[in-house]
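Subject: Handover of a structure

Dear colleague,

Please find the structure below, followed by a summary of what was found in it.

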Amino acid sequence: MTELLLDRGVSPARRREASGREVLLIVCTGVILASLDLFIVNVALPQIAHDLGETDLSRLSWVLNGYAVVYAALLVFFGRLADRYRRDLGFLLGAAVFTVASAACAAATSVDMLIGFRLVQAAGAALVTPTSLALVLAAHEPARRQGAVRTWTAVGGMSAAIGPVVGGLLVAASWRWAFLVNVPVGLAALVVGWRRLPRLAGQPTERPDAVGVLLATGGVGLLTAGLVRGPDWGWSSAALVGSLGGGAVLLVLFAAHCATSRNPLVHPSLFASRQFTGASVVALFFSASFGAMLLSIVLWEQGQWGWSALRAGLAMAPGPFMVPLISFGLTGRLIARYGPASVIGLGSAVFGAGIAWWALAITTEPNYVSGVLGGMILTGIGVGLTLPTMMSTAAGSLPPQSFATGSAVVNMVRQTGIALGVALTIAVLGESSVGSGIPLHLFTRVWWVTAALSFAAIVPAVALLRRPARAD
């Protein structure tokens, strides 16, 4: 056991202070904060606009979009740094930055100030995410890693899905509580993490190549910015074409640089694994469907049925409630019996069926029980089956020296997928999607597109994950 710990770069004396389960519990607090804040602020925007006197919706939207862009753009860079340097300190630094920035967001007196602090908050989240998963992987024996990653992912997925629920509850008091709620959780994670997390040394890898960092960060940043800002810029505007085109060019150059560089930011060998590549492709399609699902149902319930943010958030609660039940109670047994490809395929199909339920059953008159509830439960089951299996499959294929970088790549793909799903939703609904009066048939079209994206995730799951690992 001591030799295993030394191989991981963990001090045996310090490592005994926290078991693998305790490490998982500590780092999951950081995952909750990073995932929750992707969606918790959505329902607070009207109050923020009123309180801060902001009438420019385009500028106000950067409270949401700026976080998404910076978070996605920095994941790979921070993941590479986390592989090189001490991961426990990286996690604590990210949690500290996130906590301080959250308090600053709550104290903001202008939209510009709030946007600036949200960007800092996103940078902290981008450091917490890969370091937390690297700590989980290193703290568990190889045979237990996939189960631990499923737990880590289920917590993150549930936190993201429950964001509108928590946001609705907090906004009833004040929009500032959407940020203040992070402070006590973050402080607890810092105190316990400093005392209990193992000293997990980095791997002997070279410093990230500056060219690769610039190409990856710039490419993902431009691509994500174009997706989230497309509705405001116009889908044929020069700004959108330049952002998406520039992002695509930078990412192509990044791929070429990784293939030829002596010190690539992301080693091409990661994608030589069918498990890693398959999980990454699944992440793109399923996350796009997930992002579109969360946005569309909130827009429908608040904009068309006239529900309050609190009521709409509570109406979503059954879905997130299903995620831990399925992930912890069923997913592991299904994987052991049928393999990850079958579980991901089943989860994607169930998730898509839940969205199709909405397309067929929701009416212009509020019909929550017959129209929304069944689809919400099915989507929760789909997330509980697909998301943890996808992440554990990708993580299980990673060598120790790429724990943080590899997990950052998959999470970057996930965030880009979510942005794509949001952009597709707005594109189908049109520019009036933030208001009321949108015909039901447009929402029905969104739900069929969303269901199709989820069904599409079945293809890479079957094609790339079913192969045995020895075929890599």
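Over which residues does pLDDT (the predictor's confidence in each residue, from 0 to 100) stay under 50? This applies to residues 1-16, for which the model has 33 contacts beyond four places in sequence, contact meaning heavy atoms within 4.5 Å.

This is a predicted model, in which local features need pLDDT of at least 70, side-chain atom pairs count only at pLDDT 80 or more, and totals for chains, interfaces and linings use all residues. Residues are numbered from 1 along each chain as its sequence is written, and side-chain values use heavy atoms, with hydrogens and water left out.

The protein chain has an average pLDDT of 81, and 88% of the residues score at least 70. Confidence is lowest in helix α1 (residues 2-8), with a mean of 40, and highest in helix α17 (residues 340-361), at 96. Helices are DSSP runs (H or I, at least four residues), numbered from the N terminus.

Two helix pairs share α18 (residues 368-396). The axes (lines fitted to C-alpha atoms over the stretch in contact, with angles from 0 to 180 degrees between N-to-C directions) of helix α14 (residues 274-304) and α18 come within 10 Å and cross at roughly 155°. α14 is therefore roughly antiparallel to α18, a term for angles over 145 degrees. The crossing is left-handed, that is, the near helix is turned anticlockwise from the far one by less than a right angle. The residues of this contact comprise 14 nonpolar, 5 polar and 1 charged. Here Ala, Val, Leu, Ile, Met, Phe, Trp, Tyr, Cys and Pro count as nonpolar, Asp, Glu, Lys and Arg as charged, and the others, Gly among them, as polar.

Helix α16 (residues 318-338) packs against α18 at an angle of about 40°, with the axes 7 Å apart. The contact of α16 with α18 has 14 nonpolar, 6 polar and no charged residues.

Two single residues may also be of interest. Gly219, in helix α12 (residues 210-233), is buried, with a relative accessible area of 0% (buried is under 20%, exposed over 50%, partly exposed in between, with a 1.4 Å probe and protein chains only). Beyond its neighbours within four places in sequence, Gly219 is in contact with Leu214, Gly247, Leu250 and Leu251. His441, in helix α20 (residues 440-456), is partly exposed at 47%.

Yours sincerely

Methods: Angles under 35 degrees count as roughly parallel, over 145 as roughly antiparallel, 65 to 115 as roughly perpendicular and the rest as oblique.
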